[in-house]
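Subject: Structure for you, with notes on pockets

Hello,

I am passing on the structure we spoke about. My notes on its pockets follow below.

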Amino acid sequence: MAHFLSLLPVVWPWFILIAAQISAVSNRHWLGLTLLATFGGITLALGLVTPMAIAIAAIGLLGAAGLPRLSGTAAFAGHLVLIFWSLALGAHLIPGFHNLLVLDQVRAGPDSSAFTMYLNLDKPLILFAVLLAWPGMTRGAKPIMVVPLTIGLVTLPALFAFGLITGAVRPEIGLPEWWLIFALTNLFLTCLTEEAFFRGYLQSMFASKIGTALGIAAASLLFGLAHVGGGPALVIFASILGAACGLGYYATGRLWVPVLMHFGFNATHLALFTYPSPA
């Protein structure tokens, strides 16, 4: 807690962003966008983003808002542009966003490898864009399908067992002093954003075109490939995790289910195993 309190003087704007995210996924889109604009103004005043970055973000959001009114070739091209725009933001390829370094080469435990974490300004914008482009992702709640949800949930501990067998992780019980800032950042800036993009948006869109099974598979594979920077093993692990979360979303129609599955997996990884990998 002391570590978290020491960061408050510099991280406080992100609480406005988190409030914007919560509002947006609760179908209060105008409130979410108003809070996002407030966050953008504050970060611009603080020098964390440049006017060019704000302009690129605004163009992407406006384009996403127009996608539901398009059809045919225009819709295909528009969604393709949105996907590349989102991937560029997620990979921090768009200049002008000065993400805040909050953890620099820290270790979760003596057997864990060094870990660096930023509070992102660019990646969370993806959430707002895909909500505008595919608003139905938060409105599809349905009676729970027990079998696919159970398979998805059981896959999570099985993935840790697979990690232990292959040496990708080792047991290491305990939480580092920076666990709270990690939890907030991972839940909202990482898990919520990634699940909205890969499950709420891509999986839903693919499933509407090629069927549920192939839609889950395609979105899961793309989720794995998005982690290619961590090596082939991470691609495999991430793809399996994506499939589990995809089943959670398919079985319930509720976006918060794969978000909590994803976050629960990451939090368990931090608390019980070497994070992000053995040293």
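The largest pocket holds about 1,500 Å³ of space. Please keep in mind that this is a predicted model.

Largest pocket

A total of 46 residues line the largest pocket, and those nearest its centre are T190, E194, H227, L234 and Y275. Two or more lining residues come from each of α5 (72–90), β2 (115–119), α7 (146–166), α8 (179–210), α10 (232–252) and α11 (256–272). Of the elements, α8 gives the most to this lining, with nine residues. Sorted by class, the lining of the largest pocket consists of 26 nonpolar, 18 polar and two charged residues.

Second largest pocket

The second largest pocket has about 420 Å³ of space. Its lining is made up of 20 residues, and L33, L36, A37, A58 and L61 lie nearest the centre. At least two lining residues are supplied by each of α3 (29–45), α4 (51–66) and α6 (125–133). The largest share is that of α3, which provides nine residues. In this second lining, 16 residues are nonpolar and four are polar, with no charged residues.

In short, α8 is the element that gives the most to the lining of the largest pocket, while α3 has the largest share in the second largest pocket.

Regards

Methods
Residues numbered from 1 in each chain as written. Predicted model: local features only at pLDDT ≥ 70, side-chain atom pairs only at ≥ 80, totals over all residues. Heavy atoms only, no water. 1 Å grid on protein atoms, 1.4 Å probe; cavity = no way out; pocket = protein on both sides within 12 Å on 5 of 7 lines; lining within 4 Å. Points joined across faces, edges and corners; volume = space filled by probe spheres on them. Helix = DSSP H or I, 4+ residues; strand = E, 2+ residues; numbered from the N terminus. Nonpolar A, V, L, I, M, F, W, Y, C, P; charged D, E, K, R; others polar.
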